[in-house]
Amino acid sequence: MTAAAAPDTRTLADFVIGMADNDLILAQQLGKLCGHGPNLETDIALTNISLDLFGQVRSCFQYAATLLGNGATEDTIAFLRKEHEYRNVLLVEQPSLDFGHIIVRQFLYDVFHHLLLERLQFSADETIAAIARKSIKETAYHVRFSADWLVRLGDGNDESRARAQAALDHLWPYADEWFLPTAVESAAAAAGIGADLPSLREPYQRKVAAVLREATLELPADTHFRKGGKQGIHTEHMGYILAEMQSMQRTYPGMQW
Amino acid sequence: MIMNDWPLWEVFIRSRSGLEHRHCGSLHAADAKMALENARDVYTRRNEGVSIWVVPSAQITASQPEEQAELFDPAADKAYRHPTFYVLPEEVRHM
Amino acid sequence: MNEAQTTSLEEVFNRRIDAEEKIEPKDWMPEKYRKTHIRQISQHAHSEIVGMLPEGNWISRAPTLRRKVALLAKVQDEAGHGLYLYSAAETLGISRDELLDQLHDGTAKYSSIFNYPTLTWADIGAIGWLVDGAAIMNQVALINTSYGPYSRAMVRICKEESFHQRQGYEILMTLMKGTDEQRAMAQDALDRWWWPSLMMFGPRDDESPNTAQSMRWKLKRKSNDELRQAFVDQTVPQAELIGLRIPDPALCWNEERGHYDFGEIDWDEFRQVVQGNGPCNRERLEARRAAHRNGTWVREAALAHAAKQADRDSLRKAI
C-alpha cells in the first residue's frame, strides 16, 4: 500500500467505527435469533458467528475509544449514537424474515468481510492490522458456513430453492454499497490504512458467482443497487434495531452495569 | 408430528496434538460436512480440540453386553502378559 | 423371557447399581428404568431449551457489550446442554423428533421456573444467581447417577455452567453498587424470583412419590427438601453480602438445626404453574413450536441436498 499523509485521529476513529458498525448490527440481529433456530445445532452455530462479530466490534470500538478520548468507551460508541451516526451498510439491517434471508444476508456480507480483512491485515495501522489478522480466521469460517448453507438451500428441494432465490432477489441490491468509498474510507485507503474498496468488487462477484452456481441460484437481472447506510441514511428497519439495542442506556443514562 | 430430524453422528475430538481422538458426544447433521461444522460449533467452543472425527452413528458396529464374558473374561487370567509376572533379582531396580 | 428370568436379570441389575457400576445403553435394564430415564432426561433437556427463552428475551437489550456477549454465550450454552441431554435420551431408543413432539404437544414437562417473565435487566442477574444456582445443586448430584450417558452429559454441563451463576451474581452485585434505582431493580427481581426458585426443587418430600425409586437408581442423591434447605443456606449469606433482602418474613437462622428456617411455599401457585397456568406457559411453548415449525423447511432442505449429493457421489463412483 502507498502511504499518503496519516489521517487525523478523528478520521481514523471514524474509519474504525464505520467498519465495525456492520459487525455490530449483524451481530445484534443474529443474537436475537438465539433460541429460535431450525434446530439446536444451527442455533449454536449462528450464535458462534454472532459472538465472533461482537468480539470484533469490541476490539474496534475499544481502539476507537482510545482515539476519541473524552470519556468515550466501547459502550458509548455502541449505544449512544444517533441513527444517522451509524455507518453500517443497509444489508446488515435487513430483517431476518426466514432462514433463507438469514443465510443470504450472512453470505453476502461474509464474502465482502473476508476480502476486506485480507487487505486490512496489511494495514499501515498496527492495531487495525492486528484486529484484522485475528478476525480473518473467524470470518473464513463464516464464509464457509454460510456458503455451505446457501448451497444446501439452493440445491435442496423446490421450496428451499424458491425461498433462497427470493431472499437473494431481495438482498442482492444491497450488496454493492460497500465498494463505494466514503471520504473517510478514501482518506484511510490513501494512507495505507484502509482498503481500496472498488478493487474488491471483481473478486467479490467472482466468489459469489461460484457459490451461486453450486447453489443453482441466479442473480437478479438489472439490479438497481441501494446505498446510503454509510452516509447514515438508513432503511426503516434501523430505528427499531437501535431502539431495542439502546433502550437500557437511554432509559438509565450514565449508570454502570 | 414433524419427523425430519437429521441423522445422528458420533463426535471424536483430539484435544491437543499427541493425544488420541476421544469420543465426546453426538449430534445431528444432514451430511458429513455439516456434521464436522456442527461438531466444531457444539463441542469445541472452549478450545477443547485441534482435530475432529465424525462418524454416522448407524455405521458403528458394537459388541453386545451379552458377549462380554466370552470376549473379555478370557484375558483376565493371562498374568504372563504383565511385567509383574516375572521375578527379578533385588539388584535390578528398573527393567 | 419369562418372569423368573426377568427377576434374576433385575437382581443382577440392581446389584450393579448398588455397587456404583454405570449402566450403559446396550445393557439390559428394567423397562421402568428406561421409561423413567427418558422422562427425566428429556424433561431436563426441555428445561434447557425452554430456559433459553426468558434470558434470550434480553440479549438484544443487554446494557453493555460485555454483558451482551456473556449473556449470549450463556444462552448458547443452554442450547448445547439441551443437545447433550437429548443425545443422552436418544441412547435409550427414542428420537429427538419424538421428544420434541412431546414437548410441543404439552405431554412432556419442563421446569416451571421458565414460565415466569423476565421484566427487567435485573431478572437476568436473578436467573443466573438463583435459577442456575438451584440447577447446579441438582446437577452436581447427578454426576454420579447410574446411567452412563446421563452422568457423562452432567460432567460436561457442570463444567460449562460454572460461569453461569457467577455471571448472574455479578450483575446483581453491580446493580447493588449502583444508584438507588438500580438497587430497587435488583431487589424487585429477587422479590419476584425467590419463591419460584425454591419451588424448583419440587414438592415436599412427603408429597413426592418417586423419591425412593429415584434414590435407588441414583437419579436423585438427595431429597427435594434437603436440596431446598441447602440452597437456602447457601443463598441467604450471598444475598446479605450485597445488601439484598430475602422476601420471607419467616426466614431466620436456627442455631439448633444449624440451618435457616424459612416460610411455607405457596403450593397452590406451584400447582397452577405446573398445570399450565403460569404467566408465560403459553408464550414459551408457542415460541418453541414456532421455531420448530419455521425450521421444518430448512431441515428438509438439508436432507434433500444430502440425498442429492449422495446420489451424485455414487454416480461418480459408478462411472
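Reply: Let us start with contact, which means heavy atoms within 4.5 Å. The model is predicted, so its local features need pLDDT of at least 70 and side-chain atom pairs pLDDT 80 or more, while totals for chains, interfaces and linings use all residues; side-chain values use heavy atoms, without hydrogens or water. Residues are numbered from 1 along each chain as its sequence is written, and chains are lettered from A and ligands numbered from 1 in the order in which they are written.

The part to look at is chain C. Its contact with chain B takes 26 residues from chain C and 24 residues from chain B.

How much area does this pair bury? Buried area is the accessible area (1.4 Å probe) that two parts lose on being put together, summed over both. For chain B and chain C, about 2100 Å² is buried, with 55% on carbon and sulfur atoms. Three residues stand out on the chain B side. B:Ile2, B:Asn4 and B:Arg45 give 25% of the area that chain B buries against chain C, more than any other three residues.

Charged side chains meet here too. A salt bridge is a side-chain nitrogen of Lys or Arg within 4 Å of a carboxyl oxygen of Asp or Glu. Between chain B and chain C there are 5 salt bridges. One of them joins C:Asp77 to B:Arg46, at 2.6 Å from N to O.

Now turn to chain A. Here 46 residues of chain C touch 48 residues of chain A. The buried area is about 4000 Å², and carbon and sulfur atoms give 68% of it. On the chain C side, C:Leu65, C:Gln76 and C:Trp297 supply 20% of what chain C buries against chain A, more than any other three residues. The rule finds 3 salt bridges across this interface. A:Glu41 pairs with C:Arg96 in a salt bridge, where the closest N and O atoms are 2.7 Å apart.

Next, the chain itself. Helices (H or I, at least four residues) and strands (E, at least two) are DSSP runs, numbered from the N terminus. Chain C has 11 helices and 2 strands. Read from the N terminus, the order is α-α-α-α-α-α-α-α-α-β-β-α-α. The C-alpha trace spans about 75 × 55 × 35 Å along its principal axes.

Zoom in on one helix pair. Two packed helices are described by the angle between their axes and the distance between the axes. Axes are lines fitted to C-alpha atoms, for helices over the stretch in contact, and angles run from 0 to 180 degrees between N-to-C directions. In chain C, helix α3 (residues 65–90) and helix α5 (residues 121–142) cross at roughly 45 degrees, and their axes come within 13 Å. That angle makes α3(C) oblique to α5(C). Under 35 degrees counts as roughly parallel, over 145 as roughly antiparallel, 65 to 115 as roughly perpendicular, and the rest as oblique.

The crossing has a hand. It is left-handed if the near helix is turned anticlockwise from the far one by less than a right angle, and right-handed if clockwise. α3(C) passes α5(C) in a left-handed crossing.

Which residues of α3(C) and α5(C) meet? From α3(C) come C:Arg67, C:Leu71, C:Lys74 and C:Glu78. From α5(C) come C:Trp121, C:Ile124, C:Gly128 and C:Asp132. By class, the contact has 3 nonpolar, 1 polar and 4 charged residues. Nonpolar covers Ala, Val, Leu, Ile, Met, Phe, Trp, Tyr, Cys and Pro; charged covers Asp, Glu, Lys and Arg; the others, Gly among them, are polar.
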